[in-house]
Amino acid sequence: MNQLRFDGAKEIFAKFGVDAEKALKKLAEIPVSVHCWQGDDVLGFEGAESLSGGIQTTGNYTGRARNFEEVKSDLAFCFSKMPGKIRLNVHACYAVLGEDLGKVDRDAYTAKYFQPWVDFAKKEGLDGIDFNPTFFAHPMVKDGLTLSSPDEEVRKFWVRHGKKCLEIAAYLGKEFGKPCLVNIWIPDGFKDVPADRLTPRLRLKQSLDEILEGYDRQWVIPAVESKVFGIGVESYTVGSNEFYQNYAASRGICCLLDNGHYHPLEYVSDKIPALLAFYDKVALHVTRGVRWDSDHVVTLEDELKEIAKEIVRNDATEKVLIGLDYFDASINRVFAWITGQRSMQKALCYALLLPHAQLKKAQDEGNFTELMYLQERVKTLPFGDVWEEYLTRCGMNDDYYGDVKVYESKIMKERV
């Protein structure tokens, strides 16, 4: 039955000049970087019991992973339900600090503390590992500041951490033969109106310059990530969008767009082509913003479709680096992981099945009535039948909820 439906869908899409087989082949080659921190509520392996630094996780659903082995188990289960090419995104606070390796602070981390992640990723057949310095949930976050701190001891500590992370990223890139994206996000800011907005940004610029000094350009892609505000830093964020876009452009590095980090009426889908006009690469943290909050589980909503459209229609599947970033402890965590990754894949599948050449031609010729007609017409084409065929070819189906419940009852409910 699925094959008959797919054959029928192929014929329908062909009438619009779209090759469904070509779309599925392309979809299978677009990597999505899956974040490790959904499984344990962003606590990491350093002994933290709660988050700090303008972010938080809500909910206490049964089954939070408590250590490396449990995170690995959950991820391996999720990977078996995730179609397509997968990378793994690791935060520095997930260093595996075993007794045989010795416990050190973040400014002394080296690649050996992440070798277990490399071994795991290779075993799972992943496309590579991306990396993030962890500038939050640590005693050296003083008065809410890290790289912009007026305390030179604090600032230098975080500079050392950033430099170590770039060294680790170079190792990760070499291990997989593909560059490692290193995303820098800091929580720095003030709860109330500051007396000086410029000087913290000058200190941040100095810190970033020191971190980037001499990094391995062959294996490391540095990125900076802005945010409007966080909890406890509502009035002023040092790493604003304007600061980071100018910094990235002047230093020849990458801007990372998190679609939960802007005003609700700003759309990352519009920012992607704006940056593609100037940057060789653009990085994404795909999440779902709800009102002023971000980091909700990714679902197949309109903005996600628009993001995927901009990636596909601009032939930017190798220029836009797609990563996920959300964490929800109010529902089953592995379900959230799988759902978010599949939603991103669905959006890309949807975008690959659109007649972009026809749509662009109508726009360029000023046929806006035809353009609107086509935009509305394609919304009801049998995209779902093509998606089902894609899952079948990946050895999967859309009924993963039952498997999640079995995994929960056998594995996750034992974590008390």
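This is a predicted model: local features need pLDDT of at least 70, side-chain atom pairs count only at pLDDT 80 or more; totals for chains, interfaces and linings use all residues.

Residues are numbered from 1 along each chain as its sequence is written, and side-chain values use heavy atoms, with hydrogens and water left out.

**Cavities**

- The structure holds four cavities of 30 Å³ or more (a cavity is a set of points on a 1 Å grid over the protein atoms alone where a 1.4 Å probe fits but cannot get out).
- The largest cavity has a volume of about 180 Å³, a volume being the space filled by probe spheres set on the points, which are joined across faces, edges and corners.
- Lining this largest cavity are 16 residues, of which His91, Phe136, Trp185, Glu225 and Asp325 are the closest to its centre; lining residues have an atom within 4 Å of a point.
- The lining comprises seven nonpolar, five polar and four charged residues, where Ala, Val, Leu, Ile, Met, Phe, Trp, Tyr, Cys and Pro count as nonpolar, Asp, Glu, Lys and Arg as charged, and the others, Gly among them, as polar.

**Helices α10 and α13**

- The axes of α10 (residues 333-352) and α13 (residues 383-393) come within 10 Å and cross at roughly 125°; axes are lines fitted to C-alpha atoms over the stretch in contact, and angles run from 0 to 180 degrees between N-to-C directions.
- Helices are DSSP runs (H or I, at least four residues), numbered from the N terminus.
- The two helices α10 and α13 are therefore oblique to each other (under 35 degrees counts as roughly parallel, over 145 as roughly antiparallel, 65 to 115 as roughly perpendicular and the rest as oblique).
- In α10, Arg342, Gln345, Lys346, Cys349 and Tyr350 meet Phe383, Val386, Trp387, Tyr390 and Leu391 of α13, contact meaning heavy atoms within 4.5 Å.
- Seven nonpolar, one polar and two charged residues make up this contact of α10 with α13.

**Helices α10 and α14**

- Helix α14 (residues 401-410) packs with α10 at an angle of about 150°, their axes being 9 Å apart.
- That angle makes α10 roughly antiparallel to α14.
- Val334, Phe335 and Ile338 of α10 make the contact with Tyr401, Val404 and Tyr407 of α14.
- This contact of α10 with α14 has six nonpolar, no polar and no charged residues.

**Helices α4 and α5**

- Helix α4 (residues 115-123) and helix α5 (residues 152-176) have axes 11 Å apart and pack at about 25°.
- Helices α4 and α5 are therefore roughly parallel to each other.
- Gln115, Val118, Ala121 and Lys122 of α4 meet Tyr171, Leu172, Glu175 and Phe176 of α5.
- The contact of α4 with α5 divides into five nonpolar, one polar and two charged residues.

How values were computed
On a 1 Å grid over the protein atoms alone, a cavity is a set of points where a 1.4 Å probe fits but cannot get out, and a pocket is an open set with protein on both sides within 12 Å along at least five of seven lines; lining residues have an atom within 4 Å of a point.
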